[in-house]
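Let's take a friendly walk through a protein model. Have the sequence and the 3D view ready, and look up each residue as it comes along.

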Amino acid sequence: MASATDLSGDPEIMTRPGFKVLHVQDIDQGSTTPTFKLALKQVLDWSQAHPWHVPILVLVEVKDEPIPGLPTKLIGMDQALFSALEEEIRSVIPREQLFTPDDLRGACATLPEAIEKNGWPTLDQARGKIMLALDNEGRLRDLYLEGHPALRGRLMFASMDHPEHPAAAWFKINDPIRDFDRIQALARRGFLIRTRADAETRQARANDVAQRDRALASGAQFISTDYPESVRELSPYEVRLPGGAVARLNPVSAAGGTPTIDLESRPAR
């Protein structure tokens with residue numbers, strides 16, 4: 001794993017102002033990309049080198065709660081810090097490459113109305129775009145919405161509790177076994193969903209593919225995994241689309257199409 005200084009060229013980068021990338025402070029704070037801006041720059045560089053790509057969804061999980069017994073206390077999020085976070089996004093990713101809630105809403109009053117009336121852009125219209133989604137729910141999600149009805153003016157999508165919410169467009173639903181029917185129902189209505197094929201190494205250690213297979217069949221457009229390749233010391237468990245495709249037609253909302261087509265591949269001339 002590369003160190004922070006290997007990537008940044010700045011040995012004191014973690015002490016400088018700006019948002020950092022970490023898992024748990026004081027315990028698991030090391031990252032191959034130490035800052036949020038550097039991480040976004042890596043995404044942008046890859047995107048611009050591969051402009052045909054299907055839309056990329058970047059999950060942004062904000063952490064501000066102290067953990068008892070750990071010395072580092074995180075700064076509590078507020079409106080000013082959310083504005084600073086979005087300014088970092090703007091400083092890295094050109095506006096024309098971002099796809100935001102405002103882009104989806106258009107002249108409609110709410111995001112669900114826009115989805116029902118106009119739908120999402122076509123795949124060819126959305127190629128090369130980068131979307132961001134706030135991975136938090138509850139207090140931090142509500143703070144992000146405050147003063148921005150239906151996410152007006154915000155750069156990130158956010159997961160709502162129900163599809164009738166004015167800001168509902170993308171849902172974080174982590175359990176595709178328990179919530180399989182819910183994911184399918186939302187996909188049929190045109191909402192975007194992110195689910196998980198595995199968590200906390202459990203499935204890989206047991207070579208248990210049940211959650212993976214339900215995720216792939218659920219209609220969720222984005223599936224997170226820690227195992228795009230197997231770790232042979234654990235098991236053969238891995239998560240891949242059939243035929244090694246990067247993206248395919250949705251098995252729920254695009255049923256009836258050719259499921260073996262890799263939507264990331266350029267058509268033959």
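This report covers the sheet, the nonpolar cores, a pocket and one proline of a predicted model.

## The sheet

Start with the strands. Strands of a sheet pair through backbone hydrogen bonds, either parallel or antiparallel. Here you can find an open sheet of 3 strands in the order 1-2-3, and the pairing is parallel. Strand 1 and strand 3 (157-158) are at the edges with a single partner strand each, so one side of each has no neighbour in the sheet.

Now look at the pairs. Strand 1 and strand 2 (residues 130-134) are joined in the parallel sense over 5 bridges, and Leu57 stands opposite Met131 in strand 2. Strand 2 and strand 3 also pair in the parallel sense, over 2 bridges; there, Leu134 has Ala158 in strand 3 as its bridge partner.

Is strand 1 largely enclosed or largely open? Of the 5 residues of strand 1 (residues 56-60), 4 are buried, so the rest of the structure largely encloses this strand.

## The nonpolar cores

How many residues does the largest nonpolar core have? It has 49 residues, and those with the most contacts inside it are Val60, Val62, Phe82, Ile89, Leu132, Met156 and Phe157. Strand 2 gives the largest share of this core, with 5 residues. Apart from this core lies another one, of 5 residues, including Ala197, Ala204, Tyr237 and Val239.

Leaving aside neighbours within four places in sequence, Leu132 is in contact with Phe36, Leu40, Leu57, Val58, Val60, Ile89, Leu98, Leu155, Met156 and Phe157.

## A pocket

Next, let's turn to empty space. Rolling a probe the size of a water molecule over the atoms shows where such space is left. The second largest pocket has a volume of about 200 Å³.

Which residues line the second largest pocket? Its lining is made up of Gln25, Glu61, Val62, Lys63, Asp64, Glu65, Ile67, Leu74, Asn136, Glu137, Arg139 and Leu140. By type, the lining divides into 6 charged, 4 nonpolar and 2 polar residues. Val62 belongs to this lining and is also among the residues with the most contacts inside the largest nonpolar core.

## A proline in a loop

Finally, find Pro71 in the loop between strand 1 and helix 3 (79-92). Is Pro71 buried or exposed? Its relative accessibility is 67%, and exposed means over 50%, so Pro71 counts as exposed.

Pro71 and Gln25 are 46 residues apart in sequence, while their C-alpha atoms are 8.7 Å apart in space. Gln25 is one of the residues that line the second largest pocket.

How values were computed. Residues numbered from 1 in each chain as written. Predicted model: local features only at pLDDT ≥ 70, side-chain atom pairs only at ≥ 80, totals over all residues. Heavy atoms only, no water. 1 Å grid on protein atoms, 1.4 Å probe; cavity = no way out; pocket = protein on both sides within 12 Å on 5 of 7 lines; lining within 4 Å. Points joined across faces, edges and corners; volume = space filled by probe spheres on them. Nonpolar A, V, L, I, M, F, W, Y, C, P; charged D, E, K, R; others polar. Buried < 20%, exposed > 50% of the residue type's maximum accessible area, 1.4 Å probe, protein only. Pairing = 2+ DSSP bridges. Core = buried A, V, L, I, M, F, W, Y, C linked by side-chain atoms within 4.5 Å. Contact = heavy atoms within 4.5 Å.
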